[in-house]
Amino acid sequence: MLILQRVKLRPSVADYAFDASAFAALRSRLQHGYLSVDSARLPEVPQPLSALANAPLLDLRTLHRGNEAPRDFARIAERGRTAMRNGRIAVLILNGGMATRFGGEPKGIVPVVEGERESFLWVKLRQVVRLAGFNMAEIPVIVMHSFATAAASERHLEEIDWAGLPKHLRLSFSQSIMPRVTPNATPLHELPGGDKLADSIVYSAPGHGDTLGRLRASGILRKLREDGIEHLLVSNVDNLGAELDPVVLGAHIDAVDAGAHMSVEVVRREGDKGGCVALVGKRPVIVEGFRLPPTADIELYPQFNTNTLWFWLSAIDREFDLDWFPVEREVPGHGDELIQAVQFEQLIGQATEELDAHYFEVDRERRFVPIKTREDLKLQAPRMRAMIKRLR
């Protein structure tokens with residue numbers, strides 16, 4: 001039997017948050033078979049959201065379509081603009097991960113149009129700066145990095161001067177770090193020659209599930225609340241459609257007034273693989289695709305999770321007990337060797353199991369523009385050019 005020793009981080013990454021006790025427990029569970037891909041699945045096929053009477057689902061797809069908009073469109077939009085002008089909203093950009101899909105550099109610093117200078121981070125920041133200017137508002141922006149993206153991204157943010165965001169509104173923090181292990185729970189750095197493996201091989205970012213915990217531990221959540229911020233928009237750096245919008249903000253504030261703690265943007269599934277909305281214990285929650293039992297029919301869950309989330313800050317100033325999931329990866333070893341590895345991750349969407357959530361079905365074309373690969377970027381080139389022209 002493998003004897004588990006307490007693991008310490010390398011000096012090169014020792015400044016990042018690391019829960020050694022949680023890691024030891026995860027290794028033990030993996031070693032003894034209590035943590036696996038199969039154990040991550042729900043025990044039963046969940047019911048779709050449509051099975052719930054009075055489901056907390058609001059169709060916002062018509063809110064930007066002129067005469068089709070509901071009669072209270074103006075009220076919702078004005079409520080969002082008022083919240084902006086009164087300093088009640090902040091934006092958090094998820095810029096973590098392992099920087100592997102775009103040639104080893106953080107996606108946030110990659111230009112969205114080949115040959116141009118404007119990056120993903122520039123676009124996300126400029127969207128806020130432009131909207132704040134139109135509404136005479138001050139809107140703080142928080143950028144969450146990982147150990148793999150922090151240094152390059154912080155240099156880039158300085159180079160672009162945060163796209164013109166006033167200095168007193170600039171905030172950032174880094175998510176925690178987790179060592180990768182082999183399928184038998186041996187940390188990669190303990191393998192023969194493991195001391196020569198790069199940090200980006202030995203360690204991983206623990207998914208985006210530690211976002212809320214690190215926001216709180218960093219002191220930024222407390223600062224936001226002290227400054228009068230009540231709501232927070234969280235979105236991926238690669239979803240350039242998920243910008244701050246007074247209409248969606250107003251709808252979120254309505255939802256909070258009705259008892260919600262958070263709002264989730266979803267789109268109609270169009271061949272997408274990944275998170276959906278389903279009933280777990282009669283509660284509507286985000287369920288990632290890998291957690292569905294093999295017999296589940298994904299077409300029964302038409303709401304696809306975009307990972308664009310709106311939080312009421314009062315509800316997230318607390319600890320969350322999110323599950324850890326094992327994710328299998330092949331990572332480079334020495335020479336042409338590939339190492340079978342397991343990394344431990346948490347999911348921010350699982351917060352819906354602890355917070356009452358309202359779901360907004362948004363216009364896919366407007367609000368959901370995920371760029372996962374360079375090929376996606378090439379396909380979206382005309383839209384990217386139009387976007388940066390509008391924001392310059």
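Rings of Phe, Tyr and Trp (its six-membered ring) count as a pair if their centres lie within 6.5 Å. By that rule, a search of this whole structure, which is a predicted model, turns up 6 aromatic pairs. Ring pairs also join Tyr16, Phe147 and Tyr203 into a cluster. Here's a quick tour of the aromatic side chains.

**Phe23 and Phe344**
- These two rings make an edge-to-face pair, with 6.1 Å from centre to centre and 65 degrees between the planes.
- Phe23 belongs to helix H1 (residues 20-31) and Phe344 to strand S14 (residues 338-345), so their pairing ties together parts that sit 321 residues apart in sequence.
- Both partners are tucked away: Phe23 is buried, and Phe344 is buried as well.

- Phe147 comes from the loop between strand S4 (141-145) and helix H4 (150-159), while Tyr203 comes from strand S7 (residues 203-204), so the contact ties together parts 56 residues apart in sequence.
- Phe147 has 13% relative accessibility and counts as buried because the cut-off is under 20%.
- Tyr203 is buried as well, with a relative accessible area of 1%.
- Tyr16 is the other member of the cluster that ring pairs build with Phe147 and Tyr203.

**A charge over a ring**
- Arg318 places its charged end over the ring of Phe320, at 4.3 Å from the ring centre.

Technical notes: Residues numbered from 1 in each chain as written. Predicted model: local features only at pLDDT ≥ 70, side-chain atom pairs only at ≥ 80, totals over all residues. Heavy atoms only, no water. Phe/Tyr/Trp six-rings, centres within 6.5 Å; stacked < 30°, edge-to-face > 60°. Helix = DSSP H or I, 4+ residues; strand = E, 2+ residues; numbered from the N terminus. Buried < 20%, exposed > 50% of the residue type's maximum accessible area, 1.4 Å probe, protein only. Lys NZ or Arg CZ within 6 Å of the ring centre and 35° of its normal.
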